[in-house]
Each structure stands twice: as structure tokens, then as C-alpha cells.
Amino acid sequence: SSGINAEYGQQFLFEENNAQRMQKEIQTLEKTIKLNEAMHQQIQEACVADLVPAADQRMKDIVARRKLVDLAKSQSQEVATLRAEVERLRMKTFPALVQNS
């Protein structure tokens, strides 16, 4: 009976040591996971920080280009209107010099 108790005692100590080692391993793994998550978060934030200004600048460039295109169209229409007005005034002032094209 005492031999069986001694055997159970040793088995218990072995299992207890095993449990303690596993608990330490779990704690180490949890720390590693937290560090990995923190690094992942920092990398993600850095990527977003790089992308946002680039996207912002691209959007500003697109808007500026659109405004310039609209301005060019408007000025082109205005020039066409002014040319027509010049031609009309030329015909009114010098009808003999009007070129028939």
C-alpha cells in the first residue's frame, strides 16, 4: 500500500511539474501573441499612414485637373464666341472686306 502511495505521489509530482511547465509555456506564448499583434497593428497603421496622404494628394490632383479642363473648355467657348462677335462686327464695319470661306 505504501509503495502504491509513493508511486502515486511521484506521478502526482511529475504531473504537477508538467502542469507548471505548460503554464509557463502558455504565458510565454500569450506574450508572443501580444507582441505579434502589436507589431501587426504598427505595420498596419504605418501602411495606412503612407496610403492616406498619397490617396489624398491623388484626389487633389484629379480635382485640380478637372477644374483646369473645365476652365479650358469654358475659355475655348468664350474665345469662339468672341471670334464670332469680331467677325460680326467686321462684317458690319467693312462688308466689302469680308472673306467668304
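Trainee: At 29% relative accessibility, what does Glu 87 count as?

Mentor: Buried means under 20% relative accessible area, exposed over 50%, and partly exposed in between, with a 1.4 Å probe and protein chains only. Glu 87, at 29%, counts as partly exposed. Keep in mind that this is a predicted model, where local features need pLDDT of at least 70, side-chain atom pairs count only at pLDDT 80 or more, and totals for chains, interfaces and linings use all residues. Residues are numbered from 1 along each chain as its sequence is written, and side-chain values use heavy atoms, leaving out hydrogens and water.

Trainee: Which residue forms a salt bridge with Glu 87?

Mentor: Side chains of opposite charge can pair when their charged atoms come close. The rule here is a side-chain nitrogen of Lys or Arg within 4 Å of a carboxyl oxygen of Asp or Glu. For Glu 87 the partner is Arg 90, with the closest N and O atoms 3.3 Å apart. Arg 90 is partly exposed too, at 41%.

Trainee: How many salt bridges does the structure hold?

Mentor: It holds 3. Arg 66 pairs with Asp 70 at 2.9 Å, and Glu 85 pairs with Arg 88 at 2.6 Å.

Trainee: How many residues apart are Arg 66 and Asp 70 in helix H1?

Mentor: Helices are DSSP runs of H or I, at least four residues, and strands are runs of E, at least two, numbered from the N terminus. Arg 66 and Asp 70 are 4 residues apart in H1, so about one helical turn separates them. Glu 85 and Arg 88 are 3 apart, again about one turn.

Trainee: What does the secondary structure of the protein chain come to?

Mentor: 1 helix and 0 strands. The C-alpha trace spans about 135 × 20 × 15 Å along its principal axes, and 0% of the 101 residues count as buried.
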